[in-house]
Amino acid sequence: MSAEFDITETLDVKGASCPMPVVKTKNATDDLESGEVLEVLSTDSGSMSDIDGWASGTEGVELLDQVEDGDVYKHYVRKTE
Amino acid sequence: MSTDTPDVTADDAPSRAELAARIEELEESLAEATGEDDTKKMSIIATKGTLDMAYPPLILASTAAAFGYEVNVFHTFWGLDILHEERSKNLKLSSVGNPNMPVPNAVAALPGMDRVTTKMMEKKIADNDTATIEELIEMSLDMGVEFQACQMTIELMDYDENDFYDGVTTGVGAATALQDMADADIQLLV
């Protein structure tokens with residue numbers, strides 16, 4: 001899946017470990033308007049499963065894509081409401 | 001003459017519109033009684049105050065808050081130290097009684113060994129960029145997590161209500177915790 005969306009904000013949580021990637025992603029999406037997309041950059045390998053789980057268990061957000069790019073895990077979250 | 005079946009054609013029978021209104025009314029009160037609100041709730045009882053045992057309740061509390069849960073963490077006995085502003089920065093890791101520790105219990109029991117293992121753990125936490133206890137508490141408070149300090153153990157431990165982080169609720173007891181647990185979707189004792 002290629003990036004077919006515009007990134008509104010980027011959150012850099014490289015270095016941070018559980019639970020910070022999820023917690024900071026949540027806080028960052030709170031500041032977005034509906035339809036806007038947050039890019040999250042993490043080095044925590046657990047963030048792939050955690051952000052996926054968080055997005056599916058949370059209303060008002062949609063996980064668009066997750067990409068492993070070298071040491072960095074990139075997540076794309078859209079705010080839907 | 002027996003008339004078990006009500007006479008539906010009687011003049012005082014409710015009209016279809018009246019019945020529909022009554023059904024709507026009942027459905028509303030049912031929703032009120034069962035649904036309350038859709039917010040999920042988690043209740044944690046935190047009873048331990050060692051460095052390793054301080055993490056699970058805080059990590060779960062902040063994560064649940066990220067999921068939109070309403071979170072209550074009731075701290076009692078040694079769990080109070082997690083909320084104690086000064087003591088929370090100096091939580092210790094015991095090297096005794098944990099067979100996973102790299103030193104035998106007989107050595108671990110020597111004076112000063114807890115300090116050594118605590119330092120080792122603190123270094124690992126720093127090297128790994130794991131959040132500190134203080135960071136997790138501040139973050140959780142910002143996200144609306146309710147931290148409660150058990151009044152009975154505050155007095156038992158000779159703590160003062162001002163010893164705790166700003167935003168910590170004091171003056172609560174087991175009944176509060178029980179009520180929170182009864183209302184919660186997830187209940188945990190740590």
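User: In this predicted model, are F5(A) and Y76(A) buried or exposed?

Analyst: Both F5(A) and Y76(A) are buried.

User: Which parts of chain A does the pair of F5(A) and Y76(A) tie together?

Analyst: F5(A) belongs to the segment before β1 (9-13) of chain A, while Y76(A) sits in strand β4 (residues 72-79) of chain A, so the pair links parts that are 71 residues apart in sequence.

User: What is the geometry of the pair formed by Y159(B) and F164(B)?

Analyst: The centres of these rings lie 6.2 Å apart and the planes are at 75°, so the pair of Y159(B) and F164(B) is edge-to-face. Y159(B) counts as buried because its relative accessibility is 15%, and buried means under 20%. F164(B) is buried too, with a relative accessible area of 3%.

User: How does one read which way the residues of a helix point?

Analyst: An α-helix has 3.6 residues a turn, so residues three or four places apart point the same way. In helix α6 (residues 133-142) of chain B, the buried residues are I133(B), L136(B), I137(B), M139(B), S140(B) and L141(B).

User: Against which elements do the buried residues of α6(B) pack?

Analyst: They pack against α1 (20-30) of chain A, and against α2 (51-66), α3 (80-83) and β3 (146-150) of chain B. After α6(B) comes G144(B), which has a positive phi near 95°.

User: What is the strand order of the open sheet in chain B?

Analyst: The five strands are ordered β4-β3-β2-β1-β5 (chain B), with parallel pairing. At the edges are β4 (169-172) and β5 (186-189) of chain B, each pairing on one side only. Neighbouring strands of this sheet are turned by 20° against each other on average, direction ignored. Strand β1 (residues 41-46) of chain B pairs with β5(B) in the parallel sense over four bridges, and S43(B) stands opposite Q187(B) in β5(B).

User: Which helix lies across β1, β2, β3, β4 and β5 of chain B?

Analyst: Helix α8 (residues 174-183) of chain B lies across these strands, running at about 140° to β1(B).

Note on methods:
Residues numbered from 1 in each chain as written. Chains lettered and ligands numbered in written order. Predicted model: local features only at pLDDT ≥ 70, side-chain atom pairs only at ≥ 80, totals over all residues. Heavy atoms only, no water. Buried < 20%, exposed > 50% of the residue type's maximum accessible area, 1.4 Å probe, protein only. Helix = DSSP H or I, 4+ residues; strand = E, 2+ residues; numbered from the N terminus. Contact = heavy atoms within 4.5 Å. Phe/Tyr/Trp six-rings, centres within 6.5 Å; stacked < 30°, edge-to-face > 60°. Pairing = 2+ DSSP bridges. Axes fitted to C-alpha atoms, helices over the stretch in contact; angles between N-to-C directions.
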